[in-house]
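Subject: Structure for your review

Dear colleague,

Please find below the structure that I am handing over to you. My findings on its side-chain contacts follow directly after it.

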Amino acid sequence: MVGKRKLAMLLCTVLVGGILVGCGKSTTDSNKGATTSAEVKNIGVVQLVQHDALDAANKGFVDALKEKGFEDGKNIKIEQQNAQGEQTNAQTISKQFVDAKKDLIFAIATPAVQAAYNSTKDIPIIFTAVTDPVKAEVAKDWKSSGTNVTGTSDKVPVEKQIELLKKLVPNAKTLGAIYNTSETNSVIQVNELKAAAEKQGLAVKEIGVTNVNEINQNLASALGQIDVLYTPTDNTVASGYALVGKLCLDKNIPIIGAEDAIVTKGGLASIGIDYYKLGKEAGLKAADVLSGKKPSEVEITTLSEMTFTINTDVTKKLNITIPADIEANAKKVTGGVN
């Protein structure tokens with residue numbers, strides 16, 4: 001009787017053990033190739049406003065992460081938020097990201113990175129489309145920020161843009177510069193523009209706006225006083241490129257842009273950077289940070305490669321001849337001419 005009891009207990013033990021092993025195997029198999037929640041990195045993206053340049057930078061960032069093995073929906077989760085051009089919205093979004101304990105914040109444009117940095121000094125922040133992170137007070141130095149911030153700058157040499165302007169519109173005397181007077185990124189560029197223009201004997205007329213709604217009146221009233229318009233990498237102006245292009249073309253005023261999105265909207269030409277590539281470079285930095293580096297260990301960089309873009313429809317309308325050396329190296333686009 002005892003022997004039967006022992007045998008029954010032994011069989012029971014084996015049966016229970018088998019069930020437990022079976023359950024453990026099932027759990028392992030169901031998770032095979034999947035990522036546990038503990039391994040998923042949460043990334044918050046705060047984009048200041050929606051327009052071609054910033055959208056391209058955003059896409060470049062996501063593509064670079066994927067190339068480095070960080071794919072949305074697998075081992076990272078990306079939450080995209082747009083501030084609709086409002087600094088207060090950027091601040092609210094950044095605070096939400098901090099409260100949600102995101103592992104990394106990607107900030108697109110100067111007001112966005114300022115909002116993120118004001119919200120946290122601990123969570124790593126990667127930025128792009130920022131002209132000068134030191135003057136924006138989110139980094140102490142370009143080589144090592146000394147903060148929780150790093151990224152890629154869209155700073156381009158203004159001198160080259162003035163040279164392009166002089167070649168395409170050699171008789172120009174007064175250069176208009178339209179920009180948001182409250183955006184640090186734009187103020188820096190216009191100050192550099194004035195210094196470079198003075199060396200070339202050009203007068204600069206500043207056309208300040210604080211929002212998209214002011215573009216129509218402020219630009220229209222200035223067009224009779226300028227020979228050519230310059231558009232810096234300004235987010236407010238970029239949101240109104242179609243209007244800027246139309247107003248200038250109606251008065252036969254050529255536009256030289258710091259980035260090529262204006263050219264397809266009626267601008268004459270630009271020499272600037274590729275924002276997709278700029279965002280991609282930021283994505284590579286984000287991958288380094290997600291892999292264990294501190295932002296202060298990742299140098300802030302710019303793109304050295306410049307891109308010429310010319311609108312052939314506009315050259316015909318304005319009867320402008322493109323020098324052979326520029327035309328040979330330029331990307332040609334059309335559009336913006338009614």
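A salt bridge is a side-chain nitrogen of Lys or Arg within 4 Å of a carboxyl oxygen of Asp or Glu. Please keep in mind that this is a predicted model.

**Salt bridges**

By this rule, aspartate 325 and lysine 167 form a salt bridge, since their closest N and O atoms are 3.7 Å apart, and the limit is 4 Å. This pair links distant parts of the chain: aspartate 325 belongs to helix H12 (residues 324-329) and lysine 167 to helix H5 (residues 158-168), 158 residues apart. Aspartate 325 has a relative accessible area of 46% and is therefore partly exposed. Lysine 167, with a relative accessible area of 45%, is partly exposed as well.

The count of salt bridges comes to 14. Another one of them joins glutamate 79 to lysine 102, with the closest N and O atoms 2.8 Å apart. Glutamate 79 is in strand S2 (residues 76-82) and lysine 102 is in the loop between helix H3 (87-99) and S3, so this contact ties together parts that are 23 residues apart in sequence. How do the two partners stand in terms of accessibility? Glutamate 79 counts as partly exposed because its relative accessibility is 30%. Lysine 102 counts as buried because its relative accessibility is 11%, and buried means under 20%.

A salt bridge is also found between lysine 59 and aspartate 63, where the closest N and O atoms are 2.9 Å apart. These two residues are four residues apart in helix H2, so about one helical turn separates them.

**Aromatic rings**

A pair of aromatic rings is described by the distance of the centres and the angle of the planes. How many aromatic pairs does a search of the whole structure find? The search finds one. Its members are phenylalanine 61 and phenylalanine 106, whose ring centres are 3.6 Å apart and whose planes are at 5 degrees, so the pair is stacked. Phenylalanine 61 is in helix H2 (residues 52-67) and phenylalanine 106 in strand S3 (residues 104-108), so the pair ties together parts that are 45 residues apart in sequence. Both phenylalanine 61 and phenylalanine 106 are buried.

Finally, there is a contact between a charge and a ring: lysine 121 lies over the face of tyrosine 117, at 4.3 Å from the ring centre.

With kind regards

How values were computed:
Residues are numbered from 1 along each chain as its sequence is written. This is a predicted model: local features need pLDDT of at least 70, side-chain atom pairs count only at pLDDT 80 or more; totals for chains, interfaces and linings use all residues. Side-chain values use heavy atoms; hydrogens and water are left out. Rings of Phe, Tyr and Trp (its six-membered ring) pair if their centres lie within 6.5 Å; planes under 30 degrees apart count as stacked, over 60 as edge-to-face and the rest as tilted. Buried means under 20% relative accessible area, exposed over 50%, partly exposed in between (1.4 Å probe, protein chains only). A charge sits over a ring if NZ of Lys or CZ of Arg is within 6 Å of the ring centre and within 35 degrees of the ring normal.
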